[in-house]
Amino acid sequence: MFDRAKSWSMPVPWSNQQKDSTLGSENETKVKPLSPLCPLSLRAAGRRYVSHLLTTATEKGKSVNLSLRRFIAMAGKGASTAAAKGKKKEVKKETGLGLSYKKDENFGEWYSEVVVNGEMIEYYDISGCYILRPWAMSIWEVMQTFFDAEIKKMKIKNCYFPLFVSSGVLQKEKDHIEGFAPEVAWVTKSGESELEMPIAIRPTSETVMYPYFSKWIRGHRDLPLRLNQWCNVVRWEFSNPTPFIRSREFLWQEGHTAFATKEEADTEVLDILELYRRIYEEFLAVPVIKGKKSEHEKFAGGLYTTTVEAFVPNTGRGVQGATSHCLGQNFAKMFEINFENEKGEKAMVWQNSWAYTTRTIGVMIMVHGDDKGLVLPPKVASVQVIVIPVPYKDADTKGIFDACAATVKTLNESGIRAEADFRDNYSPGWKYSQWELKGVPLRIEIGPKDFANNQVRAVRRDNSTKHDIPMTDLVERVQDMLNQIQESLFDAAKQKRDACIQRAHTWEEFAEALSQKKMILAPWCDEEEVEKDVKTRTKGDMGAAKSLCSPFDQPELPEGTLCFASGKPAKKWTYWGRSY
Ligand code: 87F
């Protein structure tokens, strides 16, 4: 039988018989991996990863987590020791692909490998900093295009404030900065000379922007003032850096707004939170829970914090997906952001701030990725359909190539992001694996039989099903399949997430569910001391549990229900768990 993947006598990804002369030497390979799938590049990536980890370990002067240590130890002895080699080979044979680790067996290493081999991230020589490669950046841009258009509909305007913050300004709101101070990075020198005063690099822009809010807002006609900026921020984190999830520099949008009334501010908090829900659920196909943070977990400078919480079933950890805060009048007081109201009286503004970050991408990878690599939801994939010619000896190669080009053109013309992979130095099978690793939602193959029958073969990334599509129905069928992929990724993720939610009424039930890596929904008395106590009682190697959010969508709480932790009367249902 004609084996589509093996047609052509070309190297397969795991054979390491690269033909591209520009990538030939081992030296070059260290800098620029031949391919994520070839053992050489894996070793190179491993070495880079290890050096990154070592930097982290030394810098922190603390221990790194166990699995990382094991990885370092393995690499220290040389990743090519017989034992290491044997293990990698074995897994590779099992997966039939280039990933050395399986998602369910070694999630940490799987993630590190998939972000690099899937071409999202390259490690960098400063610990906790990562290069966002075009494959990741394009996802960010899709979300940015959506969000930017939505906030413009809400009359929010973009602006840009400087990266540098003077120490006086940064520390103006003492309460706000207090807990965060160790994470602020400072510039102390220019060339060889010490600066007169160190200058901070923005970790967030409240204190940068609000002096100007004070200047620009005079009367009620200057309100609302609704600004947003797309930028980077730096927070010198000390806990385990993780690409996208916890990095020392990241991209975000930060919205800062001021209103005449609390009602307007309250409305905006929820409007923005709904946009964040849509980013996760409609774009990234990741289910989230909308809710309010506890007093302990809210942004200390604000009045209340709302959040969209995601969950990573493999680690049993919640992730704060994005936050929308009502700041109340705390900052207005501090920065004297006053206005003359309609009655001619002096009044203080009500403020909000809100942000989502590149963390979104990490959550998506963790939720959808599998043992073959990334799985990108069609709505965010910069390549939704990859078209691969599958010629073989004696076939009408030109005809097949032309059919591929025509397929891409037809799809592009109807707004589908399709590309053809015409590279002649890789076999079709190699290309299949590489695009699977990169998570492209749909692969279209055109071989001699398809060409003769005026059809294409489509293969879904999410479930590997194959579908023969007549050329005449191409656009409609492909569009349908992309919609189905988007939908079933969300459904599968939701099903998995829901299976991890456990209700607990007592401490015993709570502790048991926590040990099973569940997200726990429990009746709570809503007292800060009790939350602190829960943290203390759950401290351990895996990190303490904390409240994630009290969902807006509250189940019924019958009269007389008691708090799972204190035994006092419960006031609300709250999600608890370990978190990132
Ligand atoms: C780290 C260093 C300095 C978080 C920090 O969530 C200051 C801070 O203020 C800091 N880490 N925060 C809280 C940020 C709150 C808020 N800022 C605007 C947001 C949304 C966007």
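Biologist: Quick one to start: is K155 buried or exposed?

Modeller: K155 is exposed, with a relative accessible area of 63%. Keep in mind that this is a predicted model.

Biologist: Noted. Where does K155 sit?

Modeller: You'll find K155 in the loop between α6 (134-153) and β3 (157-158). Its backbone deserves a look too: phi of K155 is near 70°, a positive value in a residue other than glycine.

Biologist: OK, and what about E119, what is its phi?

Modeller: Phi of E119 is near 65°, again a positive value in a residue that is not glycine. E119 lies in the loop between α5 (107-117) and β1 (121-123).

Biologist: Is E119 buried or exposed?

Modeller: E119 has 18% relative accessibility, so it counts as buried. The cut-off for buried is under 20%.

Biologist: Let's switch to the peptide bonds. Which one is cis?

Modeller: The bond from L223 to P224 is cis, with omega near -5°. P224 belongs to the loop between α9 (206-216) and β7 (225-234). For context, most peptide bonds are trans.

Biologist: Now the part I care about, the ligand. Which residues come nearest to it?

Modeller: There are 17 residues around the ligand, and the nearest are H176, T204, E206, R235 and H325.

Biologist: Which polar side-chain atoms lie by the ligand, and how far away are they?

Modeller: A polar side-chain atom of H325 is 2.7 Å from an oxygen atom of the ligand. T204 places a polar side-chain atom 2.8 Å from a ligand nitrogen. For R235, an N or O atom in the side chain is 3.2 Å from a nitrogen atom of the ligand.

Biologist: And how much of the ligand does the protein cover?

Modeller: The protein covers 94% of the 470 Å² of accessible area that the ligand has on its own.

Biologist: Which elements give two or more residues to that shell?

Modeller: Those are α8 (174-178), β8 (249-259), β11 (317-328) and β14 (350-357). The largest share, 3 residues, comes from β14.

Biologist: You mentioned β14. Where is Q351 found, and is it buried or exposed?

Modeller: Q351 is found in strand β14. Its relative accessibility is 0%, so it counts as buried.

Biologist: What does the Q351 side chain do in there?

Modeller: A polar atom of the Q351 side chain lies 3.2 Å from the backbone nitrogen of A332. Apart from neighbours within four places in sequence, the contacts of Q351 include Y210, F213, T257, H325 and F331, as well as A332.

Biologist: Changing topic, how do β18 and β19 run?

Modeller: β18 (residues 455-460) and β19 (residues 466-470) run antiparallel, with 5 bridges joining them. One of the pairings is V459 with K466 in β19. The hairpin has 5 residues between the strands, and S464 takes a positive phi near 65° in it.

Biologist: And E509, where does that lie?

Modeller: E509 lies in helix α17 (residues 507-515). It is partly exposed, with a relative accessible area of 39%. Not counting residues up to four places away in sequence, E509 touches R503 and A504. E509 and F564 are 55 residues apart in sequence, and their C-alpha atoms are 8.6 Å apart in space.

Terms used
Residues numbered from 1 in each chain as written. Predicted model: local features only at pLDDT ≥ 70, side-chain atom pairs only at ≥ 80, totals over all residues. Heavy atoms only, no water. Near = heavy atom within 4 Å. Polar contact = N/O pair within 3.5 Å; in protein donor to acceptor, adjacent residues only side chain to side chain. Areas by Shrake-Rupley, 256 points an atom, 1.4 Å probe, with all protein chains shown as cover. Helix = DSSP H or I, 4+ residues; strand = E, 2+ residues; numbered from the N terminus. Buried < 20%, exposed > 50% of the residue type's maximum accessible area, 1.4 Å probe, protein only. Contact = heavy atoms within 4.5 Å. Pairing = 2+ DSSP bridges.
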